[in-house]
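Here is a short briefing on a pair of protein chains. Start with the display, then take the points by topic.

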Amino acid sequence: MTSRRLGLLARAQREAAHRAAAMAARAETRRGTRRRALVPLAGGFAALVAMFQLVSSNVLAVNFTTSNQEFQLYSNYLQGAQAAGFLSTNDTASGTDNGVAELGIRSAKLAGLCAIAHEQVPVVGEVTLMIIAGVPVRSSFNTGSNTTVDGAGNPLTYDANGLLTGGNHITASNLFINSRSLNGFGNLISGMNLGQSADTVDATAGITWPAGQTKPDAGDFGLTVDRINVGGLGGDTYGINLQGAITLPNLKIKVVPGHKTQADCPTQAAG
Amino acid sequence: MGARTKAAWAWFRAFRRTRPFWGGLWCLAAGAWIIRSMFFSFVLAVSGGWSYSAGYILGGGLVLIGLVAWFAPHYRALLGIMAVLLALAAFVAANLGGYLLGSVLGILGGSMVWAWGEKAPRRARGGRRRAGTTAPTAS
């Protein structure tokens, strides 16, 4: 290096040492988190608890979009009005594509929700994230008949059209489910059109596919349903997208160690 | 090498003591966790509306507040309160605040950043105001 550059380097090093010494001198005064931290801390946690209670009591609606991980979704009963569906691929972050059914429901009511996601965490091993809302979900479904009792043994009541009556149920609007498989018992489904061209299904149901989702091609298989009611709904989904808002009564979020399945939904909802 | 590591450690100690280091660390962790739980692709985040970009906006704000707490701590009075508000907003808008962990860390970090400042010097060992203490108090 030239002597000029050496001189500049030496000057830079001197200035850095000077700043470090000044910082060390400032560090001698005792500074830290003062007791006044308790004010925003207590206020913040009180507000968080209050909002959590509001979500649990079906008053505050939250925005809940999910990510590229597949998770299991269970509900005692899904009552949907104005639904549309078509087949598509889901691009995941790892690059592999999966075939999925895109289902959009204009307004939905759910008797209980149990969403289960498995994660590998560094020290603890496998943990399960469970999001539970509404009435307790049954530990297993009999898809040969409609679900009449929820996970805690309380009866679920319906009117003559298969619509849920009573109870503290989850309501959602503009709900989009992107899933690999859905199982259940179709209960009094009305106004179904199978084989409608996939690019027209959203207009029939009065929904708009969320931005960023691949639009269906004309001539592909699509279905529209006026009233869709599914008892004992279980599915592997990649995501739920709520364009509207969702109310989640009796909300519980738990991270439990181990591998949990639907059989644990009623016990986790109770405890 | 002993002298160098000693100097580096002394520099780090001075760095920690002259800014809200731990508060900023919790804010960074909260922001990173919220972004991780709402990690959508660029196309989705840009065209998808608030549902898909909320994680980046609120989590990114918390990360920024953490960095400012470390490198420009004279703004901490305002930004501490903003970190608490962003964490509460993330509960509503970003997958329940990164499944609650992001919101909790954000409130903790924001409070620590806001409350950081000069404290009264510690009293000398055993020098409590009460008279007649026989046992030495640990400082």
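A polar contact is a pair of N or O atoms within 3.5 Å; within protein, one atom must be able to donate a hydrogen and the other to accept it. Residues adjacent in sequence count only if both atoms are side-chain atoms. The model is predicted. By that rule, eight residue pairs are in polar contact between chain A and chain B, both residues at pLDDT 80 or more.

**The interface**
- In total, 41 residues of chain A are in contact with 41 residues of chain B.
- The two chains bury about 3900 Å² between them. Carbon and sulfur atoms give 64% of that area.

**The chain A side**
- Five elements of chain A each supply at least two residues of the side that touches chain B: helix 1 (3–27), strand 1 (31–33), helix 2 (38–56), strand 5 (125–133) and strand 10 (221–242).
- Helix 2 of chain A gives the most to this side, with nine residues.
- By residue class, the side of chain A that touches chain B holds 23 nonpolar, eleven polar and seven charged residues.

**Chain B on its own**
- Chain B has seven helices and one strand. From the N terminus, the order is α-α-α-α-α-α-α-β.
- Of its 139 residues, 45% count as buried.
- Among contacts in chain B with a separation of 6 or more, 67% join residues 24 or more positions apart.
- The accessible surface of chain B is about 7600 Å². Carbon and sulfur atoms account for 69% of that surface.

Conventions
Residues are numbered from 1 along each chain as its sequence is written. Chains are lettered from A and ligands numbered from 1 in the order in which they are written. This is a predicted model: local features need pLDDT of at least 70, side-chain atom pairs count only at pLDDT 80 or more; totals for chains, interfaces and linings use all residues. Side-chain values use heavy atoms; hydrogens and water are left out. Helices (H or I, at least four residues) and strands (E, at least two) are DSSP runs, numbered from the N terminus. Buried means under 20% relative accessible area, exposed over 50%, partly exposed in between (1.4 Å probe, protein chains only). Contact means heavy atoms within 4.5 Å. Accessible areas come from the Shrake-Rupley method with a 1.4 Å probe; for residues, only the protein chains shown count as cover. Buried area is the accessible area (1.4 Å probe) that two parts lose on being put together, summed over both. Ala, Val, Leu, Ile, Met, Phe, Trp, Tyr, Cys and Pro count as nonpolar, Asp, Glu, Lys and Arg as charged, and the others, Gly among them, as polar.
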